[in-house]
Amino acid sequence: LLRQRHNFWDPLGLSVSGNVSDYKRRREVELKHGRVAMFATIGYILPEYWRFPGYLSKFLDIKFAEVPNGLSAFSKVPSLGWLQIVGFAGIVELNVYNEQVNDEPGNYGAGFLGLRSIGFMNAGIADPEVRKKKLNAELANGRLAMFAIIGMFFQDGLTGSAWGDWANYTASPLRAFENEMGAQPPFGFWDPVGFTADGDVDAYKRRRQTEIKHGRIAMLATMGYMTPEITGKFPG
């Protein structure tokens, strides 16, 4: 299942050994993680609009409406609830989706959208080109969902919500530099690698000095590339 733009993309060289078994195992794991991530992403979004009515636990007097969304739910769901979740996932992993059809990674004979797992029999997709397109879409969407759910976790941990406002995260050490030169909208103080996460002012100033020096050299170098093409070269 290869995408046209990058063909077979393996920047870490995991498949350079040519071991087909390892490749199929990694592809199976990738598909599983992608499927779980797609469910998890929907699971983050859906409770913002709709929740089950009634009780999550009648014995503990916990209603579904009282369980917060996102990471905060970990502290609200009772231990027996977590036992049920882990037990159900284990049964599915070990006894339901444990044999691959035709040695194809991720194909457990569950049919289109896995409907056979819940009793809806279907023959899958007969057209090989349509099937290939659908499988490529599943793989691509699963990869996107893995990035999405990690982003939601990170944002939730910072602000208390998967789509929380940065203004609510007042404890961030990055606040120490948000009024410095170069902090501009729409990103404000942008430090995706986290070099300034420790709040060290001296280290920040040293890096800013280096950045400005490199920027000045790069501007001169860029002009040095373009000017001879337009104005010609010095005589002699």
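This is a predicted model: local features need pLDDT of at least 70, side-chain atom pairs count only at pLDDT 80 or more; totals for chains, interfaces and linings use all residues.
View 1. Tyr49 itself is placed in the loop that runs between helix H1 (20-45) and strand E1 (55-57).

**View 2. The salt bridge between Glu93 and Lys32.** The closest N and O atoms of Glu93 and Lys32 are 2.7 Å apart. Because Glu93 lies in helix H2 (residues 79-96) and Lys32 in helix H1, the pair ties together parts that are 61 residues apart in sequence. Glu93 is partly exposed, with a relative accessible area of 40%.

**View 3. The salt bridge between Arg35 and Glu138.** Here the closest N and O atoms are 2.6 Å apart. The pair links distant parts of the chain, with Arg35 in helix H1 and Glu138 in helix H3 (residues 128-159), 103 residues apart. Arg35 counts as partly exposed at 24% relative accessibility, and Glu138 is likewise partly exposed, with a relative accessible area of 22%.

**View 4. The salt bridge between Glu211 and Arg208 within helix H4.** The side chains of Glu211 and Arg208 meet at 2.8 Å, N to O. Because these residues are 3 residues apart in helix H4 (residues 201-231), about one helical turn separates them. Glu211 counts as partly exposed, at 49% relative accessibility, whereas Arg208 is buried, with a relative accessible area of 18%.

**View 5. A network of salt bridges joining Arg27, Glu30 and Arg143.** In this view, Arg27, Glu30 and Arg143 are the residues linked in the network. For the model as a whole, the count comes to 8 salt bridges, among them the bridge between Glu93 and Lys32, the bridge between Arg35 and Glu138 and the bridge between Glu211 and Arg208.

Definitions and conventions. Residues are numbered from 1 along each chain as its sequence is written. Side-chain values use heavy atoms; hydrogens and water are left out. Helices (H or I, at least four residues) and strands (E, at least two) are DSSP runs, numbered from the N terminus. A salt bridge is a side-chain nitrogen of Lys or Arg within 4 Å of a carboxyl oxygen of Asp or Glu. Buried means under 20% relative accessible area, exposed over 50%, partly exposed in between (1.4 Å probe, protein chains only).
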